[in-house]
Amino acid sequence: MKLNKQDILKALDSITVPGEGQNMVESGAVTNVVTFGDEVIVDITIKNPSLQAKKRVEVDILKTIHDLVYEKAKITVNIKVDAPATPKVNVIKGNPIPGIQNIVAVASGKGGVGKSTVTANLAVTLAKMGFKVGVLDADIYGPSIPIMFDVENERPLAVNINGKSKMKPVENYGVKVLSIGFFTQPNQAVVWRGPMAAKALNQMIFDAHWGELDFMLIDLPPGTGDIHLSIMQSLPITGAVVVSTPQNVALADAKKGVAMFQQESINVPVLGIIENMAYFTPEELPDNKYYIFGKEGAKNLAEDLQVPFLGEIPLVQSIREAGDVGRPAALQTATPLEQAFEKITQNVVQEVVRRNDDLPPTEAIKITTMAGCAAVKK
């Protein structure tokens, strides 16, 4: 039997495209129909990219032509998807925690670059500026935040909030802290699989009484693994800060860390990159700089990836010593280290403010006060 194009179009006139109101001919979805004897080729463009929608369209076309035109017709259906472009925006995901305005994840692709040290010093600097700050130590397998805040022997207390028992974070230097290190012995290894670690983190996040916080800093473990995904699925992360040293080995992993946050399925804004151990200046030669791990590697990486460069921290013995004795180096007054951490913290705050200005205001990300933030006023 010789098929007629008009008969095919008339038959297709009775079908609607899934998710669209008009029939596929009237809507312009059918772009072309070609007939050769008992063969017919139908070209159609739909807006729904799902496999289910494409299969439904194909089945409807085959059935309709066989029923209304010719039951033995040989039919080829070419389906093209033309989904409307959606602007790529950074979306706040997860469940907001009442009272917490901004959640900043501090990450590194590689271990040993000083991520926890940077987190501790950012936290105490924010507290000095007048912000209400909390730190969640999400490094399940190597929790070091309790040592850096000199609270490793402390234990969170249970408090009754609205009839529910909640953990009260340990506080020192004006910073509230929770860590898995509070619940394990110093010589005890945490040998947990991902789901168990994620459950423990969720308890420290949602079963704790953090109160009112302007900033919660999350000290993530190194790498790009299960803990990171669990955190980003659970919490509305305002943005991420990536820490790296200038050397190529660390930069290669830092690049992966940035890429993780920028993946379309994650899409957490990267507030910037911090270069730790940028250079060494001997105490007896204060004007000399020795670039032990390379020069300006993280700065160049930030430019290449088009993310902000938040600043550099020198390799100074007192930073290590201060962390080991539980008094972050940023608490020192009138020193170059205090100025370095203050400048970097100022840049982080400014990036958070810029980030929030680019989104509709929500309770999960809005900064409520700048009171006492001396660095921002400079």
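In this predicted model, G114 is placed in the loop that joins β4 to α3. G114 has a relative accessible area of 16% and is therefore buried, the limit being under 20%. Leaving aside residues up to four places away in sequence, G114 is in contact with V243, N276 and M277. G112 also lies in the loop between β4 (100–107) and α3. Its relative accessibility is 73%, so G112 counts as exposed, for which the limit is over 50%. Both residues belong to a feature named "binding site" in an unreviewed UniProt entry, which places it at G109, K110, G111, G112, V113, G114, K115 and S116.

**Nonpolar cores**

The largest nonpolar core contains 85 residues, and those with the most contacts inside it are F149, V175, I218, I231, I237 and F261. Helix α3 supplies the largest share of this core, with 8 residues. For I231, the contacts beyond four places in sequence are A138, L201, I205, I218, L220 and I237. Another core lies apart from the largest one; it has 21 residues, including M24, A29, I44 and A73.

**Cavity and pocket**

A search of the whole structure gives 1 cavity of 30 Å³ or more. The volume of the largest cavity is about 40 Å³. Its lining is made up of T117, A120, N121, M148, I319, A322, G323, P328 and A329. Two or more of these residues come from each of α3 (115–129) and α9 (317–324).

The largest pocket holds about 570 Å³ of space. Of the 22 residues that line this pocket, T281, P314, V316, P336 and L337 lie nearest its centre. Elements giving two or more residues to the pocket lining are β12 (270–280), β13 (309–315), α9 and α10 (336–357). The largest share, 6 residues, comes from α10.

The table sets out the two linings by residue class.

| Space | Nonpolar | Polar | Charged |
|---|---|---|---|
| Largest cavity | 6 residues | 3 residues | no residues |

Definitions and conventions. Residues are numbered from 1 along each chain as its sequence is written. This is a predicted model: local features need pLDDT of at least 70, side-chain atom pairs count only at pLDDT 80 or more; totals for chains, interfaces and linings use all residues. Side-chain values use heavy atoms; hydrogens and water are left out. On a 1 Å grid over the protein atoms alone, a cavity is a set of points where a 1.4 Å probe fits but cannot get out, and a pocket is an open set with protein on both sides within 12 Å along at least five of seven lines; lining residues have an atom within 4 Å of a point. Grid points are joined across faces, edges and corners, and a volume is the space filled by probe spheres set on the points. Helices (H or I, at least four residues) and strands (E, at least two) are DSSP runs, numbered from the N terminus. Ala, Val, Leu, Ile, Met, Phe, Trp, Tyr, Cys and Pro count as nonpolar, Asp, Glu, Lys and Arg as charged, and the others, Gly among them, as polar. UniProt positions are given in the numbering used here, feature names are shortened, and annotations may be inferred rather than shown by experiment. Buried means under 20% relative accessible area, exposed over 50%, partly exposed in between (1.4 Å probe, protein chains only). Contact means heavy atoms within 4.5 Å. A nonpolar core is a set of buried Ala, Val, Leu, Ile, Met, Phe, Trp, Tyr and Cys residues joined through side-chain atoms within 4.5 Å.
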